[in-house]
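Try each task before reading its solution.

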Amino acid sequence: MLIRGPADVNPSEITPYATYLNRRHFIGRSAMAAVAAAAVPGALVACGTDSASGQVQVGPGQDRDWSKTKSEIGEELTPYEDVTGYNNFYEFGTGKGDPSRNAGTLEPRPWSIAVEGHVANPAVYDLEDFIAPHRIEERVYRLRCVEAWSMVIPWRGFPLADLIRRVEPTSRARYLEFVTLLDPRQMPGQRRRILDWPYVEGLRLDEAMNPLTLLATGLYGRDLPNQNGAPLRLVVPWKYGFKSIKSIVKIRFLEEQPLNTWQQMLPSEYGFFANVNPEVDHPRWSQARERRLGEFRRRPTLMFNGYADQVASMYTGLDLTKYF
Ligand code: MTE
């Protein structure tokens, strides 16, 4: 990510704690953050269908007593205001408070999503048609940012694997590439060449098929707020948050590994895999510990963000220091 501050420290370590907690006034010196998340066993809750109507969802979830979720997973949920007020979405600015201030120009309806490449059923879908066949679930994931802070977020969405089965990849499909909307009118940050727009991310097919990988349509029982990637984003809980690409308009099935935006920008710092790994430091700071937003004490970062049981086997034999 673009680091604007002193080059050798993690910005979250040098920001006074009170300022750090006050997202509205905290302009991140590092522009990169991550939602790395961890599915919490037992925290999966079916919640009916998502209308994708653009309206706040009225239904299971929104009127839930979220304090019960807390006791189900044994973890405090990060408050809604923090989840929606402290964001990385460069298309709306590089400060943590910029997306919530500026993302009103994004028009998440109507919206279409193209599925292209090595699939039996390529198509351009209206958002509603894209979502409708799927069973919407709610999942609480721990999110671990590359900047060494983390959140706990109740997402709403459906497994990416369900979509993949529906579009039927051919035997040539080995990777997926995801692309964000390119429209400087709706996304004014794209007028500045901070990144090579549009934002792109990628997964290996087996990672995309992993049951933890979610296409999210909402959080806290509501449709996604614009600043969180409306109307559709990826959530990959065992990876640093930059893999969680927002406001997706295209999914391509490829034979070759795609070049994701941050790897293209800074290949020595950001790789393709971006698995949460306390043993592989970022070149400029340690990844061994993290600060959960709202807490002062730092806790040890868990391998694969605590999801090793579900994902480690995908990386057997891979040198994780080389393929970071
Ligand atoms: N997707 C797009 N299109 N543009 C971005 O700048 N930032 C990434 C990811 N997805 C980003 C993006 C980063 S760095 C992080 S940490 C997460 O979104 C942040 O998600 P959140 O703001 O919902 O917590």
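The exercises below concern a predicted model.

**Exercise 1.** Find out how strand β4 is covered and which strand it pairs with.

*Solution.* Next, take the two faces in turn. One side carries E137, R139, Y141 and L143, the other E138, V140, R142 and R144, and all of these are buried. Then look for the partner: 8 bridges join β4 to β5 (residues 149–159), and the two run antiparallel. Within this pairing, V140 stands opposite P154. Finally, inspect the turn: the hairpin has 4 residues between its strands, and A148 there has a positive phi of about 75°.

**Exercise 2.** Determine what the salt bridge between K96 and E147 ties together.

*Solution.* First check the distance: the closest N and O atoms of K96 and E147 are 3.5 Å apart, and the cut-off is 4 Å. Now place the residues: K96 lies in the loop between α4 and α5 and E147 in the loop between β4 and β5, so the pair ties together parts 51 residues apart in sequence. Both K96 and E147 are buried.

**Exercise 3.** Trace the salt bridge of E75 and R299, and the network it belongs to.

*Solution.* Begin with the pair itself: the side chains of E75 and R299 meet at 3.9 Å, N to O. E75 sits in the loop between α3 and α4, while R299 is in strand β13, 224 residues apart. Both E75 and R299 are buried. Last, widen the view: salt bridges link E75, R142, R292, E295 and R299 in a network.

Conventions: Residues are numbered from 1 along each chain as its sequence is written. This is a predicted model: local features need pLDDT of at least 70, side-chain atom pairs count only at pLDDT 80 or more; totals for chains, interfaces and linings use all residues. Side-chain values use heavy atoms; hydrogens and water are left out. Buried means under 20% relative accessible area, exposed over 50%, partly exposed in between (1.4 Å probe, protein chains only). Two strands pair if DSSP finds at least two bridges between them.
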